[in-house]
Amino acid sequence: ARELQGDLRGALDAMGMALSATSPHDLEAQAWHAVQLATLHHQLGHAAEARLEVERALHTYPRYPAALALRGTVQAAAGDLDGAVSSLRAAVAAAPTAAWFAQLGDVEASRGQRLEAERAYARADAAWTTDMPEPREHALFLAMHARNLPHALALAGQSSRGSRDILTAEAH
């Protein structure tokens, strides 16, 4: 709730308390909390702390897909595009989500690997179309990548019929 209200520092404190309260025997929950902390640190521009929390998650729960994907985000932000591709490929191999394919495509495009980027984008599009229909996210992806804009607008309209939240408004 604090994060949604823009209080990232308060969210960071609350997530730290949640991590402390999590059973040390629940390794996946420990890793999940570390990923949430890493995400908040990344949003705040705390690169070293974000990297540390991602590595904590992967040490706690090796090959945890969410941690691998976030490691890719952190690496890309630090300019380590090769490392980012490696981490994102590992994440999508473990859990092929549309958003992670899209992110992989963005990193491949940044590396000048247009064919690889298009392959990743096509897999993201296919996942959003068949496996994981999320019209709002799909619309944002299409719009931000200037791909099939009429379809992006239709998806945004479809998602806004049932929701009035800020993310749906952004997509529309």
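Guide: A salt bridge is a side-chain nitrogen of Lys or Arg within 4 Å of a carboxyl oxygen of Asp or Glu. Keep in mind that this is a predicted model, where local features need pLDDT of at least 70, side-chain atom pairs count only at pLDDT 80 or more, and totals for chains, interfaces and linings use all residues. Residues are numbered from 1 along each chain as its sequence is written, and side-chain values use heavy atoms, with hydrogens and water left out.

Visitor: What makes E53 and R56 a salt bridge?

Guide: Their side chains meet at 2.8 Å, N to O, and the limit is 4 Å, so the pair qualifies. The two sit three residues apart in helix 3 (residues 47-60), which means they are separated by about one helical turn. By helix we mean a DSSP run of H or I with at least four residues; strands are runs of E with at least two, and both are numbered from the N terminus.

Visitor: Why is E53 called buried?

Guide: Buried means under 20% relative accessible area, exposed means over 50%, and partly exposed is in between (1.4 Å probe, protein chains only). E53 has 7%, so E53 is buried. R56 has 38%, so R56 counts as partly exposed.

Visitor: How many salt bridges does the structure hold?

Guide: Eight. One of them joins R111 to D82, with the closest N and O atoms 3.1 Å apart. That pair links distant parts of the chain: R111 is in the loop between helix 6 and helix 7 (114-131), D82 is in helix 5 (residues 81-94), and they are 29 residues apart.

Visitor: How do you know whether D82 is buried or exposed?

Guide: The relative accessible area of D82 is 53%, so D82 is exposed.

Visitor: Why are helix 5 and helix 6 called roughly antiparallel?

Guide: They pack at an angle of about 160°, with their axes 10 Å apart. That makes helix 5 roughly antiparallel to helix 6, because angles over 145 degrees get that name, while those under 35 are roughly parallel, 65 to 115 roughly perpendicular and the rest oblique. Axes are lines fitted to C-alpha atoms, for helices over the stretch in contact, and angles run from 0 to 180 degrees between N-to-C directions.

Visitor: What about helix 4 and helix 6?

Guide: Helix 4 (residues 65-77) and helix 6 (residues 98-110) pack at about 25°, their axes 11 Å apart. So helix 4 is roughly parallel to helix 6. On the helix 4 side, P65, A66, A69, G72, T73 and A76 make the contact, and on the helix 6 side W100, Q103 and V107 do.

Note on methods:
Contact means heavy atoms within 4.5 Å.
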